[in-house]
Amino acid sequence: MEAGRGGGVMDSPLAMLATAAPVATPTGREVATHCPYCALQCGMTLRESPGSTRVEVLPRDFPTNQGGLCQKGWTAAELLDHPQRLTTPLLRDRTTGRLRPATWEEALAVVVSRITTIQRRYGRDAVAVFGGGGLTNEKAYALGKFARVVLGTRCIDYNGRFCMSSAAAAGNRAFGVDRGLPFPLADVGTADTLLLVGANIAETMPPFGRYLVQQRERGGAQIVIDPRATPTARQATRHLQPTPGTDLAVANALLHIVITEGWLDKEYLRTRTTGFDEVRRTVAGYWPARVERISGVPVADLEATAHALATADRAIILTARGAEQHAKGVDTVTAFINLALALGLPGRPGSGYGCITGQGNGQGGREHGQKADQLPGYRRIDDPAARAHVARVWGVHPDSLPGPGPSAYELLTTDQMRALLVFGANPVVSAPRAGRVEQRLRDLDLLVVCDFVLSETAALADVVLPTAQWAEEDGTMTNLEGRVLRRRALRKPPPGVRTDLAVLAELASQLGHGTRFLADPRAVFEELRRASAGGTADYAGVTWERVDAEDGVFWPCPSVDRPGTPRLFVDSFPTPDGRARLVPVEHRPVAEEVCAEYPLYLTTGRVLAHYQSGAQTRRIAPLCRAAPAAFVELHPDLAARIGVDEGEQVRVTSRRGEMQVPVRLTDTIRPDTVFAPFHWGGSARANSLTNDALDPTSRMPEFKVCAVRVEPLR
C-alpha cells in the first residue's frame with residue numbers, strides 16, 4: 001500500500017476537479033480520472049507537461065483510495081506512448097500469412113464483407129462477440145446492443161464470466177441482486193471481525209489494504225481462508241489453510257458451529273429470510289471433526305472463526321476468486337451467504353456479505369448487456385417485459401432480439417462459431433484450457449481484435465483495429481461498491497486510432513443500421529440511462545453531472561431527484577417477498593482429484609506487479625523489473641521429494657497441457673499444492689493446464705484447482 005510518492009495524500013483543489021475537459025495549469029494540462037486496472041478504481045490526476053506528450057500520474061484524494069495507488073497505478077501512463085502501441089489497422093496477408101498495415105477503409109471493408117458472407121452462409125449465430133470487464137459502461141452497453149441489433153446473434157459473452165459469475169449468481173439467488181459490495185468500502189475498516197475467503201488484497205488491490213490496517217488497528221479480528229500463506233494471510237490475526245476446493249465444507253462447518261452454540265440471530269432469520277430449516281438439516285452433517293478431515297483445517301481454527309464472527313457487533317464476510325473460480329463456485333459462495341444470513345449480517349451497518357469484484361469495470365461490465373443472458377439494467381434477456389422495454393429504447397421489435405447465448409468458454413470453443421469480434425480481452429492467455437481456445441481461434445474464418453497492443457490474441461487475428469486507451473476517451477465505470485465513476489480524457493487518441501464506440505458505430509452503419517449507433521460516450525450513456533430504467537441496476541437517475549458533483553453515484557438510482565443507494569438491504573431485499581433466501585448446499589469433490597499420475601494440486605492467481613493476462617503490465621519496464629517472468633511456487637519438502645532446487649526449470653503437466661517455468665521455494669504453500677501466476681503466455685502459460693469443468697449455474701470454469709505433476713526439466 002502506498003499513500004503517495006511523498007508519503008502523504010494530496011489535498012488540493014485539483015484533487016476534486018469535476019470538469020470533463022482537461023484543465024490548463026502553469027505546469028501543463030490536468031484531468032481528474034481513475035486508474036485503468038482493478039475494480040477499486042482508485043482516483044488519480046493525470047498531467048501532460050507543456051510542449052510534451054509525457055503524462056505524469058499524481059495522487060488524488062478520492063473516497064476509495066484517499067490518494068494511494070499501487071505500483072501499477074503509478075506507472076499506468078507509461079503505456080500511452082509505448083513503442084509497441086498500435087496506431088494503424090493490421091490485416092492478415094493471405095499470401096504471406098503475416099499481419100501488414102492497412103487503412104481503416106480497407107480493414108473495415110474486410111470485416112463487413114466477411115461477416116456478411118459468413119452469416120449468409122452459416123446463420124446469424126455463426127458470428128460471435130467477446131467483450132471485457134475493463135470496458136466502460138458505455139462500451140459494454142453498445143457492444144451488447146451491436147450484437148443483438150446489428151449482428152442479430154445470441155453469441156455474446158465477456159471475460160467477466162471468468163471472474164465474477166459465481167458470486168453474481170449466488171448473490172442473485174440469495175438477495176435478488178448482484179452488487180459486489182452492498183455497502184460502502186469504508187465499512188470494512190470498522191468491522192470487529194473480517195473474514196476474507198480466497199482474497200489476496202495485499203497483492204491484487206494494495207490501496208484497499210488501508211482498510212485492513214484500520215480494521216486491525218481497531219483491535220478487530222482478521223481471518224483469511226486461503227491454501228497459501230499470501231501476504232494478506234500473513235498480516236491477518238488467523239489463517240485457515242484448507243486443501244484447494246474445500247471452502248464450501250469449511251463454510252458449512254462454521255454454520256454448524258454457530259447453530260450448535262446457539263449463536264443464531266433467530267429474529268432476523270424469522271423476519272427477513274426464508275429457507276433456514278432446510279439449510280439447518282444440511283449443515284448438521286458438517287461437524288467440525290469431519291470437516292477437518294475433508295479440508296485439513298483444524299477444529300480449533302473452525303471454532304475460533306465461528307466464535308469471532310458470532311460474537312462481533314460488526315462482522316463482514318468477503319469472498320473473492322479463490323472461493324469462486326470453481327465448478328461449485330456458486331454453491332461455495334452460497335454457503336458463506338448462508339452463514340452471513342444466519343448471523344443477521346446483511347443490511348446491518350458495518351456488517352454484511354460482499355464479493356471483491358476484480359476487473360476495472362467488473363461490476364458495470366456485467367450490468368448492461370454484454371453477458372450472454374442479459375439486457376441493460378441487469379435485466380434477463382428471456383424476460384418478455386425486459387425485452388419489450390429495451391426494444392422500445394432501441395427502436396426494434398422485441399421478437400427481433402435473440403435469446404440467451406452460450407457462456408464465455410462454451411462460446412470460445414463451439415464449432416458453430418465461424419467469426420469472432422474481440423473487444424478488450426485476451427482469451428488466448430486468460431481462458432481455461434487455453435491451448436484448446438487458441439486452436440479454435442486459429443481455425444476461425446474471421447478473427448477481429450480491437451486493442452491498443454498486439455496481445456497474444458491479436459497476434460492470431462485476421463484484422464486488428466487500433467483503439468484508444470483509458471486516458472484518451474470519456475466514459476463511466478462502476479467500481480466494486482456499485483459507485484458509478486467518471487473516466488475523463490486527458491487528450492485525444494493518436495492519429496490513426498479510433499475509440500471502440502467509433503468502431504462499433506461505423507461497423508453498424510456499414511452493416512445497414514445507419515445512425516442508430518452513437519460514437520459519443522455521453523450520448524450513449526443517456527441512452528443507457530433509459531434502457532436501464534426500472535431494471536435491477538437502475539441508472540436512470542445517474543448523470544455525468546451528478547457523478548462529477550457527488551464523487552460518484554451508487555446504483556440503484558431511479559430518479560435524478562433521489563439519492564443513490566450506497567447501502568442495500570437496510571429494510572428489505574429486492575426479492576418477490578422482500579426476504580433473503582438461504583439455500584442448502586453440499587460439499588462435493590473438485591472436478592479433478594489428484595492421483596498417482598498427477599499427484600499435486602495446482603492453484604493459480606496474480607502477483608503484485610501484473611494484472612490479468614499481462615498484455616498491459618508486461619510492457620511497462622518498472623513492473624517487468626519487479627516481476628520479470630513466470631514461476632511456480634513449491635514447498636521445500638515437495639521440492640526435495642522431486643529433486644529440484646530454487647530457480648531450476650521444471651515442467652508442470654496436467655491432462656490438458658504443460659508449462660515450463662523456474663521454481664520458487666516457499667513454506668507459505670501446502671506441500672500438496674503448487675501455485676503459478678497466470679499473467680504470461682507461451683510456454684509459461686498457466687492456463688494451458690487449468691480445468692475447463694464448468695459450474696452448472698454460473699458456467700464459471702474451475703481455474704483454482706486441477707491435478708498436475710512437476711518434473712525437473714533436464
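Author: At a relative accessibility of 2%, Thr332 counts as buried (buried means under 20% relative accessible area, exposed over 50%, and partly exposed in between, with a 1.4 Å probe and protein chains only). The model is predicted: local features need pLDDT of at least 70, side-chain atom pairs count only at pLDDT 80 or more, and totals for chains, interfaces and linings use all residues. Residues are numbered from 1 along each chain as its sequence is written, and side-chain values use heavy atoms, with hydrogens and water left out.

Thr332 belongs to helix H14, residues 329–342. Helices (H or I, at least four residues) and strands (E, at least two) are DSSP runs numbered from the N terminus. With neighbours within four places in sequence set aside, Thr332 touches Asp247, Leu248 and Ala323; contact means heavy atoms within 4.5 Å.

The next element is helix H8, which spans residues 247–260. Two packed helices are described by the angle between their axes and the distance between the axes. For H8 and helix H10 (residues 276–283), the axes come within 9 Å and cross at roughly 105 degrees. H8 is therefore roughly perpendicular to H10. Angles under 35 degrees count as roughly parallel, over 145 as roughly antiparallel, 65 to 115 as roughly perpendicular and the rest as oblique. Axes are lines fitted to C-alpha atoms, for helices over the stretch in contact, and angles run from 0 to 180 degrees between N-to-C directions. On the H8 side the contact is made by Asn252, Leu255, His256 and Ile259, and on the H10 side by Phe276, Val279, Arg280 and Val283. By class, this contact has five nonpolar, two polar and one charged residues. Here Ala, Val, Leu, Ile, Met, Phe, Trp, Tyr, Cys and Pro count as nonpolar, Asp, Glu, Lys and Arg as charged, and the others, Gly among them, as polar.

Another helix, H6 (residues 209–217), has Gly209, Arg210, Tyr211, Leu212 and Gln215 as its buried residues. Their cover includes strand E9 (193–197), helix H5 (201–204), strand E10 (221–225) and helix H7 (231–235). Just after H6, Gly219 takes a positive phi of about 90 degrees.

Next come the sheets. Seven strands form an open sheet in the order E6-E5-E19-E18-E17-E7-E8, with mixed pairing; two strands pair if DSSP finds at least two bridges between them. Strand E6 (99–101) and strand E8 (156–158) are at the edges with a single partner strand each, so one side of each has no neighbour in the sheet. Neighbouring strands here are turned by 20 degrees against each other on average, direction ignored. E8 pairs with strand E7 (residues 127–131) in the parallel sense over three bridges, and Tyr158 in E8 stands opposite Gly131. Helix H19 (residues 500–513) packs on this sheet, touching strands E17 (419–423), E18 (446–451) and E19 (463–466), and its direction makes about 150 degrees with that of E17.

An open sheet of three strands runs in the order E20-E21-E22 with antiparallel pairing. Its edge strands, E20 (475–478) and E22 (553–554), each pair on one side only. E22 and strand E21 (residues 483–487) pair in the antiparallel sense over two bridges, with Val553 in E22 as the bridge partner of Val484. Helix H3 (residues 137–151) packs on the sheet against E20 and E21, at about 95 degrees to the direction of E20.

The loop between E22 and strand E23 (580–581) contains Pro556, as well as Phe569. Most residues other than glycine have a negative phi, and most peptide bonds are trans. The bond joining Trp555 and Pro556 is cis, with omega about 0 degrees. Phe569 has a positive phi, near 70 degrees, and is buried at 5% relative accessibility. A positive phi also occurs at Tyr378, near 65 degrees, in the loop between strand E15 (374–375) and strand E16 (379–380). Tyr378 is buried, with a relative accessible area of 9%.
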